[in-house]
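Student: I have the model open. Can we go through how its features get their labels?

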Amino acid sequence: MLAHTLTIFKKEFNGYFRSRLGWFIMTIYVLLVIPAVFYATDFLSRAEETLPQFFLTQNNVLLLLIPAITMKLWTDERRQNTLELLLSQPVSLTAMVLGKFLAAWALCGLLLVSVSPLWLLTAQQTAVDNAGVLINFGACWLMAGALCSICAAVSALTSHAVTSFIVSLLVCFLLSSVNFDVFLQKAHVSNEVIMRSSQVFNFERHFQNIIAGQLTIANLFYYLSFIVLALWFNVAAVAYKRS
Amino acid sequence: MIVIKDLCKSFGDKKAVDNLNICFNNGEVIALLGPNGAGKTTLMRLLVGFYRPDSGEILINHRNIVQDRIAALESTAYVPEVGALYPEMTVFEYVRYMAELRGLSGQGFVDNLLSLAKELDIESVINQKCETLSKGFKRRVAIAGALIHRPKTVILDEPTEGLDPNQKQSVRAFIKNYGQKNTVIVSTHIMEEVEAMADRVILINRGRLICDTTPHLLKQNTDSADIEQAFRALTTDN
């Protein structure tokens, strides 16, 4: 299964750059991130605020770009009539789903690496907690993985790239913005178990926790279990669409 | 060898495949005939595990396609009706991708690619992007990708669709030759093709087996001058 996953990963990852979608997304990412960070923090006079500001903007920027990264993962197989061909290969659905997901996730990693000079520039201007910055990059990548996994499943369930993009955008927006605490407060729910559960399932809260320096097993477990669940859903979506 | 036992597949109320029992042996080219909507494509998709049967079973080289899908498909190749290629890939990249999915790499891949490229006459386009190919080349590249690992069972849906007469002739010769040692199932609407390459004819209509015979006996049993006449005699309603 590993060899098949790797083959599909390579094909999908190279495909981003063969079709220029990868270059386009990287350009948009840099164009969105760099000016936003520099204008928001006035880099030359307040460089110490640059990196925290950068990490705080990541959830919104990735939320916009990940649907574009994943929209073609499965819809293109349908458009090109290659889905029938792919599904008739002696390859498990898990390997297919995993290969495609890892390619999208790797592209997210590349996006983050592409703005790493910002880290070096900031380090020249002011003192930087390098371990903290590394953890924050990891948090962004982990959150990107969770968003990629759910958006890939959306791509498997939709027939057109544009539909996939719009639905994924909506899903990402709901995931990151729905704050159950607000609903519970409005509904006057004060049960501690329900309140705790609401906090446990809050997507955004886990990201903010890591960014704030609270890297815990619970935060890691949340994102990893989210990814596994979404990938399982993706496998089920492909199997359902096939039948 | 493929054994189909009591195979059924429905889509809603429509029975696409209705209680089929067929055995495909090694060393024969089988023409799968039937009018549009007869269930040919559904049968082929069932054979490659794309669809799951409602009931019955398919054994490919003694492996059950549902319970042991990956092992059953290891020595099987399928070329769908619509030329399924990745447009942004070059022919070489496409064939290599198909080979890697089959676990074929290194010298084995190079040897098979060289021989297939020659046999299917695609050497001149090996570094060309798939999206720039003519319909005829696309069809032959799809066949090359499917056969790169030299499978024992090949299922081809309309393999000569879109080819010019010379290309049709060479692809038919290639299929005939490949079928001498392997099982080749070809779905086609071109009746001259049946006589040119098939050892056996399987005719299905409305998902049911109408006849399973040789091209010669098909003509003889229906008192027909050619396969097309026999086809009409067996598939016309009145």
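Tutor: This is a predicted model. Start with B:I4, which stands opposite B:I58 in strand 4 of chain B.

Student: What makes strand 1 and strand 4 of chain B a pair?

Tutor: Pairing takes at least two bridges. Five bridges join strand 1 (residues 2-11) to strand 4 (residues 55-60) of chain B, so the pair meets that cut-off. The two strands run antiparallel.

Student: Which strands stand at the edges of the sheet, and why?

Tutor: The order in chain B is 2-1-4-5, in an open sheet of four strands. Strand 2 (14-24) and strand 5 (63-64) of chain B each have a single partner strand, so one side of each lacks a neighbour in the sheet.

Student: What does helix 1 of chain B touch on the sheet?

Tutor: Helix 1 (residues 40-47) of chain B packs on the sheet, touching strand 1, strand 2 and strand 4 of chain B. Its direction makes about 60° with that of strand 2 of chain B.

Student: Why do the buried residues of helix 9 of chain B line one face?

Tutor: The buried residues of helix 9 (residues 227-235) of chain B are B:I227, B:A230 and B:F231. Seen down the helix axis, they fall within an arc of 105°, so they line one face. Their cover includes strand 3 (28-33), helix 7 (191-197) and helix 8 (215-221) of chain B.

Student: How many residues does each chain bring to the contact between chain A and chain B?

Tutor: Chain B brings 19 residues and chain A brings 20 residues. Helix 3 of chain B gives the most to the side of chain B that touches chain A, with three residues. By class, that side has 13 nonpolar, two polar and four charged residues.

Note on methods: Residues numbered from 1 in each chain as written. Chains lettered and ligands numbered in written order. Predicted model: local features only at pLDDT ≥ 70, side-chain atom pairs only at ≥ 80, totals over all residues. Buried ≥ 20, exposed ≤ 12 C-beta atoms within 10 Å, placed from the backbone. Arc of directions from axis to C-beta. Contact = placed C-beta atoms within 7 Å. Nonpolar A, V, L, I, M, F, W, Y, C, P; charged D, E, K, R; others polar. Axes fitted to C-alpha atoms, helices over the stretch in contact; angles between N-to-C directions.
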